[in-house]
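User: Please take me through a few local features of this protein model, step by step.

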Amino acid sequence: MSIATTDLLSLGCKERDRINKELGGGIPPGSIVLVEGDYGAGKSAISQRISYGLCEEGHSVTMLSTELTVGSFLDQMHSLDYGMVEHLLDENMLFLHADIGDGNTFSSSEEEGDRKELLKRLMEAEVMWESEVIIIDTFDAILRNDPKFEALVRQNDERQAALEIISFFRDIISQGKVIMLTVDPSTLDEEAIGPFRAIADVFLELEMIEVGNDVRRQISVLRFAGMGEQVGDTIGYSVRSGTGIVIESRSVA
């Protein structure tokens, strides 16, 4: 059943791009959003655009990145003309860097080789779950480097490995919050990623398609529960320095 557009969390920037319109007016509160795409498909750029638009609309956002430090995050946002400094200073945005490096820990201060249960630490990091929207970019890196999850995968018990974190996610979204996960599906097998696909209220797949000498990007909307206005099946887009995400009107063959 469709919910009223006024209930949606607007993605903002209506004067800059058509992303909010193309996605039906925003993201439904109390939902899990899964964004899949191979390396270079634009997962980080899309999540950065969404985080910026939400902050511009007055929503609180937590972004946890396994790749970017706060400095590189701000540099990237600046290059896309998404001014995030004020939102960080005003505490609309909480940015966290998950340093899972060689030691596979959130913090480089841990003793080398001391492998922590990343998913457990993620769930216990209470402050990051206080925002209205929590974005984890990229979630697959945390799954792959969590020793408990890895051990269950070796036992061919990926679904059991996903059960605890999925139960936790359901508790969070029951409070009306949104959890957005970006995932590179090429790094996880089908059994590991399947449970997250199954629970996603919004499931977007980012693709790069070669058309002649041109590489075009598109968002395939595989699922969108609780949509406001009509959401298109495919949305062509590009990432431009100094401009950000641009919705392309041309069709992708």
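This is a predicted model: local features need pLDDT of at least 70, side-chain atom pairs count only at pLDDT 80 or more; totals for chains, interfaces and linings use all residues.

Analyst: Residues are numbered from 1 along each chain as its sequence is written, and side-chain values use heavy atoms, with hydrogens and water left out.

User: Is S131 buried or exposed?

Analyst: S131 sits in the loop between α5 (118-124) and β4 (133-137); helices (H or I, at least four residues) and strands (E, at least two) are DSSP runs, numbered from the N terminus. Buried means under 20% relative accessible area, exposed over 50%, and partly exposed in between (1.4 Å probe, protein chains only). Because its relative accessibility is 10%, S131 counts as buried.

User: Which residues does S131 touch, leaving out those up to four places away in sequence?

Analyst: Contact means heavy atoms within 4.5 Å. By that rule, S131 touches S60, V61, T62 and K177.

User: Is D81 buried or partly exposed?

Analyst: D81 lies in the loop between α3 (70-79) and α4 (85-89). Its phi is positive, about 65°, although D81 is not a glycine. Most residues other than glycine have a negative phi. With 42% relative accessibility, D81 counts as partly exposed.

User: What is the omega of the peptide bond from D137 to T138?

Analyst: T138 is in the loop between β4 and α6 (139-145). Most peptide bonds are trans. The bond from D137 to T138 is cis, with omega near 5°.
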